[in-house]
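Me: Please take a close look at one part of this structure, going through the charged side-chain pairs there. Then set that part in the context of the chain.

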Amino acid sequence: MSQQLHGSNPEDIRYIQVSSRYGHLLYSIYQQSWIVLLKGVEGEKKGCYDTETIQKAIQRYDQLWQEFRQLAEEHPECATLFLPYSFNNTPPLYHGEEGMEYSIRKYQELTDTNDKN
């Protein structure tokens, strides 16, 4: 919808368009990560994983992250970018390795291994 906006200040319009794209990509990443996490926990409880659904969501998750990073590279006016890690107050990175990315890769590894068995 933001692509259909018109106004007198092109910079404002572009900012709205970039911000809208940012939000759409971020919440699409969240959506795919929840699919992976929910199906992963379900697999742990049942003893078998829905590998097709998990792997499809991970593939989409990775694609969305690529688009998300590209948005920042192409648009310096883009909002501060989200990182898929837990945050802490320890320099220099200010994040741990836990968090969304860690969990996604955990279930990717489990379903890749499950596929080979």
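Reply: Lys39 and Glu42 both sit in helix α1, 3 residues apart, which is about one turn of the helix. Helices here are DSSP runs of H or I with at least four residues, strands are runs of E with at least two, and both are numbered from the N terminus. The model is predicted, so to speak of local features requires pLDDT of at least 70 and side-chain atom pairs count only at pLDDT 80 or more, while totals for chains, interfaces and linings use all residues. Residues are numbered from 1 along each chain as its sequence is written, and side-chain values use heavy atoms, with hydrogens and water left out.

Lys39 and Glu42 form a salt bridge, with their closest N and O atoms 3.2 Å apart. The term requires a side-chain nitrogen of Lys or Arg within 4 Å of a carboxyl oxygen of Asp or Glu. Glu42 also meets Lys46 in a salt bridge, at 4.0 Å from N to O. Glu42 and Lys46 are 4 residues apart in helix α1, again about one turn of the helix.

Accessibility is classed as buried (under 20% relative accessible area), exposed (over 50%) or partly exposed (in between), using a 1.4 Å probe and protein chains only. Lys39 is partly exposed because its relative accessibility is 26%, and Glu42 is partly exposed at 31%. Lys46 has a relative accessible area of 61% and therefore counts as exposed.

Helix α1 spans residues 10-46 and also contributes to a pairing of another kind. Arg21 forms a salt bridge with Glu67, the closest N and O atoms being 2.6 Å apart. This pair links distant parts of the chain: Arg21 is in helix α1, Glu67 is in helix α2 (residues 51-74), and they are 46 residues apart. Both partners are partly exposed, Arg21 at 34% relative accessibility and Glu67 at 22%. Together with Arg60, Arg21 and Glu67 are linked in a network of salt bridges. The structure holds 7 salt bridges.

Ile16 is another residue of helix α1, and at 37% relative accessibility Ile16 is partly exposed. Ile16 and Cys78 lie 62 residues apart in sequence and 9.8 Å apart in space, C-alpha to C-alpha.

As for the chain, there are 3 helices and 0 strands, in the order α-α-α along the sequence. Of its 117 residues, 29% count as buried. Of the contacts (heavy atoms within 4.5 Å) between residues at least 6 apart in sequence, 55% join residues at least 24 apart.
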